[in-house]
Amino acid sequence: MCGEEIRQMNKNTDNNTKESEIKLREPNLLINEKSPYLLQHAYNPVQWYPWGETAFKKAKAENKPIFLSIGYSACHWCHVMEKESFEDPDVAKLMNETFVCIKVDREDRPDIDNIYMAVCQAVTGRGGWPLTILMTAEKEPFFAATYIPKKSRFGTPGILDIISYIANIWTQQQEEILKSARQLKSSLSSGILHGSSKITGTELNEKTLHTAYSQLFSAFDWISGGFGKSPKFPSPHNLTFLLRYWHRTGKLEALQMVTKTLDAMQMGGIYDHVGFGFHRYSTDSQWLVPHFEKMLYDQAMIIMAYTETYQATGIEQYRQTAEEVIEYVLRDMCSKEGTFYSSEDADSEGIEGKFYLWKKEEIYDILPLEEADLVCKVYNISAGGNYREEISGIITRQNILHLTKPMQEIAQELGVSINELKTKLERSRKILFSEREKRIHPLKDDKILTDWNGLMIAALSKASRAFGKKEYAYFASLSADFILQHMLSNDGRLLHRYRDGDASINGFLEDYAFFIWGLIELYETTFEKKYLEHALRLNSIQIDHFMDADGGFFHTANDSEILLFRNKDLYDGAMPSGNSVSVLNLLKLSRLTGDTHLEEKAYTSMKAFSSEIDAMPMAYSQFLHALDFTVGPAYEVVIAGDIDNPDTREMISLASRYFLPEMVLLVKGKDNIEELAPYTKDMSATNGSATAYICQGFSCSMPTTEIFEMKKMLKLP
């Protein structure tokens, strides 16, 4: 079984002292919640309410506006605002007198976050967390901001001044505020955020792929890799789109953008060189100084990028990096049940990054002299440091481990083989890791989210196929089986969150889209029929409850809580959108089963969104995976044979280890797969030998029992 028991929160002396002082207070209503983020605020003097009718009824009865604060447990600036304002008795007193205050965990309630983040971006031109919304008891917003300091500074209003101002105008000009809030709601509801566009677009085609490539090429940082300047996010779906574009066109620059970015990320401080895994993003353009939280969805998407790049290039470093990230996830982010936790905080002992930073003298205290010299040289550790901190007025400089040269180049400079260098560094890394384990760990958010687990199931399944590691598929199966056993409602619909033995919150679009994606990848890895069955069943539920007749999927189900409006999101940001993933799911399920109705629904969605995509295709790079698959030519591969026989396994291995993004793979053995895929009824093994049936571009080749013929049909090297 993977993982370890979640470490105790806030074990350090300072935090224990702080906790004991705080818990002298009476807790607020968040004390009964399951979310670790909400529980962090349970002893704030602010009288927080969870989102629900109790809070809205109180606001109506007392004629108060609502102060809505949205964040998540790994958010550094959420912690800063809590410490500055929400733990301050004077601020809390004013907030309690003026507002009914509601706290929301954006990871628990992405529907609420999605709507009000759209409001913030529309009103202020930017977004982020903590998200602060002031609104009426009818949930209509009239003020939006992100982090707010306690006191006004540098032209930015502080929360004390904002509260005083709102209290005054709520008393003096309440009708104007209510009218303004209604107008804002109406404006947003009728706009693009509502996702109510009719099917007026044209059909997307290969030209869109070329335009997206040109836009990504123009935005690419040829010095440091990645896109744009700072802050710089990994955006793995940009890279996996470029891999598909290279595979389609042979354009070397597309592959170079991928490899340069993945190399720079792995060398940079955004990568944890001691314990593995990637931090959320880099605050600079060189990938050096990260925002230190680690998110499950980042690990999953990055694993997929490195795995596919290994399949495309055969370069061992990409496989090693993917396996190291998986090692981190299975070690630190995996529950005893086999599911995956959500995140690890940026802060430790109240200081961002403290867990990950090193002083040069520490390295020499821990390692033998020769090993310490090598580690400091390779990872650029100096007495002056490369990371500046100011704590209680005292400035310290520490080091973020990073490489400035490829490992091969360093080995040549040192006159040793690359293997010898890696062996020495790995020995030192293990020593440093053991020493670092003694430090106070960042807080771990141990809730289980269906959507993020779906991404990790997909990532582990892909890695299992590409690297020939059955254990990765085993761990993916553990997570999938847990969700199917413990995170379904009585009527078989997905639930969003599990924690402390409690599964709750009706599933959102991403829960269905990402989990179905994981199930498809898991089927194509294990060929266990049940995973394809569940993918098809859940896909039908998604169509029934989320699909818009005009094309595309709403973020919430048709029987979900009504918020300001029901929106359809397509933008592929830090994570791919549910709509982008859903279209490819529909296409793949159609090809796996032969059900053309699913493909028609995918085309309807693509046409509905075509105007948006044509305007700026690089913003929808995950969606373009589906377009690439549609433009084709795609392969449908059926291998008929006993899955335990060596010849069947050889054919499966051939189809799995190469980069074939336009392929779906189905195995017909002893499990009556023709019940799900009737077109396979007459496909059978030839004279007891595994037989490959390969179709491409709506035409099929003669079946073959020869591995070299199969290789030729798939155009493999």
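Helix axes here are lines fitted to C-alpha atoms over the stretch in contact, and angles between them run from 0 to 180 degrees between N-to-C directions. Keep that in mind for the first stop. The model is a predicted one.

**Stop 1: α18 and α20**

Select residues 450–467 for helix α18 and residues 509–526 for helix α20. Their axes come within 7 Å and cross at roughly 20°. Angles under 35 degrees count as roughly parallel, so α18 and α20 are roughly parallel to each other. The crossing of α18 and α20 is left-handed.

Now show side chains. On α18, the contact residues include Thr-450, Gly-454, Ile-457, Ser-461 and Arg-465. On α20, look for residues including Glu-510, Phe-514, Trp-517, Glu-521 and Thr-525. Colour the contact of α18 with α20 by class: 7 residues are nonpolar, 6 polar and 7 charged.

**Stop 2**

Move to strand β15, residues 495–499, and strand β16, residues 502–506. The two pair in the antiparallel sense, over 4 bridges. Pick Leu-495 and look across to β16: Asn-506 stands opposite. Then go to the turn. The hairpin formed by β15 and β16 has 2 residues between the strands. Asp-500 sits in that turn, with a positive phi of about 55°.

**Stop 3: the five-stranded sheet**

Next, select β1 to β5. In what order do the 5 strands lie? They run β1-β3-β2-β4-β5, in an open sheet with mixed pairing. Check the edges: β1 (48–50) and β5 (141–145) each have a single partner strand, so one side of each is left without a neighbour in the sheet. On average, neighbouring strands of this sheet are turned by 25° against each other, direction ignored.

**Stop 4: β3 and its partners**

Stay in the sheet and select β3, residues 100–105. On one flank is β2, residues 66–71, paired with β3 in the parallel sense over 6 bridges. Leu-68 stands opposite Ile-102 in β3. Gly-71 stands opposite Asp-105 in β3.

Now turn to β1. This strand also runs parallel to β3, joined by 3 bridges.

Is β3 covered on one face or both? Both faces are covered. Val-100, Ile-102 and Val-104 are buried on one side. Cys-101, Lys-103 and Asp-105 are buried on the other. That puts 6 of the 6 residues of β3 in the buried class. In a regular strand, side chains alternate between the two faces of the sheet.

**Stop 5: α15 and α17**

Finish with helix α15, residues 369–378, and helix α17, residues 418–436. Their axes come within 10 Å and cross at roughly 100°. α15 is therefore roughly perpendicular to α17.

Show the contact. From α15 come Glu-370, Glu-371, Leu-374, Val-375 and Val-378. From α17 come Leu-421, Lys-424, Leu-425, Arg-427, Ser-428, Ile-431 and Leu-432. Colour by class once again: the contact of α15 with α17 has 7 nonpolar, 1 polar and 4 charged residues.

Technical notes: Residues are numbered from 1 along each chain as its sequence is written. This is a predicted model: local features need pLDDT of at least 70, side-chain atom pairs count only at pLDDT 80 or more; totals for chains, interfaces and linings use all residues. Side-chain values use heavy atoms; hydrogens and water are left out. Angles under 35 degrees count as roughly parallel, over 145 as roughly antiparallel, 65 to 115 as roughly perpendicular and the rest as oblique. A crossing is left-handed if the near helix is turned anticlockwise from the far one by less than a right angle, and right-handed if clockwise. Contact means heavy atoms within 4.5 Å. Ala, Val, Leu, Ile, Met, Phe, Trp, Tyr, Cys and Pro count as nonpolar, Asp, Glu, Lys and Arg as charged, and the others, Gly among them, as polar. Two strands pair if DSSP finds at least two bridges between them. Buried means under 20% relative accessible area, exposed over 50%, partly exposed in between (1.4 Å probe, protein chains only).
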